[in-house]
Amino acid sequence: MNGPVVVGVDGSPSSMAAVEVAAREAGLRGVGLRLVHAFGWPAAHVPPGRPWEPSGAGLRELIDGTLAKAERRAHEAAPGNEVMREVVVGEPVMVLEIESRAASLAVVGSRGLSRFSALLLGSTAGHLAAHAACPVLVVRGRPDPAGPVLLAVDGSPAARGAVEFAFAQASLHGTDLVAVHAWNTQTERAYDGPSDPPFVTYDEDRLRHEEQRVLAEALGGLAEKYPDVTVHRRLVRGRIRHSLIDASAEAGLVVVGARGRGGFAGLLLGSVSQAVLHHAHCPVAVVRTGEV
């Protein structure tokens, strides 16, 4: 998709960091940047997605000033890039979901002000990542992270979009790609919950060989499409959440799919998603099925 990169803006330091990341992403993609401030105004009874027409000049100046500051930060991060800005009535998560329908990427910070402050708490992050029509990039972790793109691989067809997105990101940023596939001997996949099937596999060599095949097939065809990307395959024996969080300390971005099988099933609904989104040491991109 050649749509703009959309970023949620509320004036917080976290959202301003997201603006800088979004501006650089837009510059690399050669698309415009859209700064969006969601204004929750219950008394207005205006359908979400409608432009904001305030009657209070003081409030208008405050929000316009916030967007003007964000626009300056965007131009500093990616000079010459087209920047648009909009104030829209509605809850932030719903506004960003609507905006994502015409976007190539949606970017948000991990902390914020007002309604944006809960963006990564409870069901809000899960809703945005599960329903956005484009990949969602959550800016968190250490400042200015450097390192390879870290891809969580589970081998499911639903995760293909995440694999393609990870390759594209590595190519755009000129970095390596580290593909991580976690496994253990307790199951045919690396489950990570007390309710997972109690199936036990005793032939470790056969299981390891099978998981190597799963990892290779998940990456199949993309090395030829992105010959400039150096790929490192990492088969990890252990728990999924710990493997991803530990590896993120040396990564510039973690990429996960919104659905999967084995330990990644329900990634954005259970403990694994919460662990990655809350504890990764670098930004996290969530890609739904079919998104690139």
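**Close-up 1. The salt bridge between Arg34 and Glu99 in the predicted model.** Arg34 forms a salt bridge with Glu99, and the closest N and O atoms of the two side chains lie 2.6 Å apart. A network of salt bridges links Arg34, Glu86 and Glu99.

**Close-up 2. The salt bridge between Glu20 and Arg73.** The side chains of Glu20 and Arg73 meet in a salt bridge with an N to O distance of 2.7 Å. Here, too, distant parts of the chain are linked, with Glu20 in helix α1 (residues 13–29) and Arg73 in helix α2 (residues 57–77), 53 residues apart. Glu20 is partly exposed, its relative accessible area being 22%, and Arg73 is also partly exposed, at 23% relative accessibility.

**Close-up 3. The salt bridge between Glu210 and Arg213 within helix α6.** In this view the side chains of Glu210 and Arg213 meet in a salt bridge, at 2.3 Å from N to O. Because the two residues are 3 residues apart in helix α6 (residues 204–218), about one helical turn separates Glu210 from Arg213. Glu210 counts as partly exposed at 23% relative accessibility, and Arg213 counts as partly exposed at 34%. A search of the whole structure finds 8 salt bridges.

Conventions. Residues are numbered from 1 along each chain as its sequence is written. This is a predicted model: local features need pLDDT of at least 70, side-chain atom pairs count only at pLDDT 80 or more; totals for chains, interfaces and linings use all residues. Side-chain values use heavy atoms; hydrogens and water are left out. A salt bridge is a side-chain nitrogen of Lys or Arg within 4 Å of a carboxyl oxygen of Asp or Glu. Helices (H or I, at least four residues) and strands (E, at least two) are DSSP runs, numbered from the N terminus. Buried means under 20% relative accessible area, exposed over 50%, partly exposed in between (1.4 Å probe, protein chains only).
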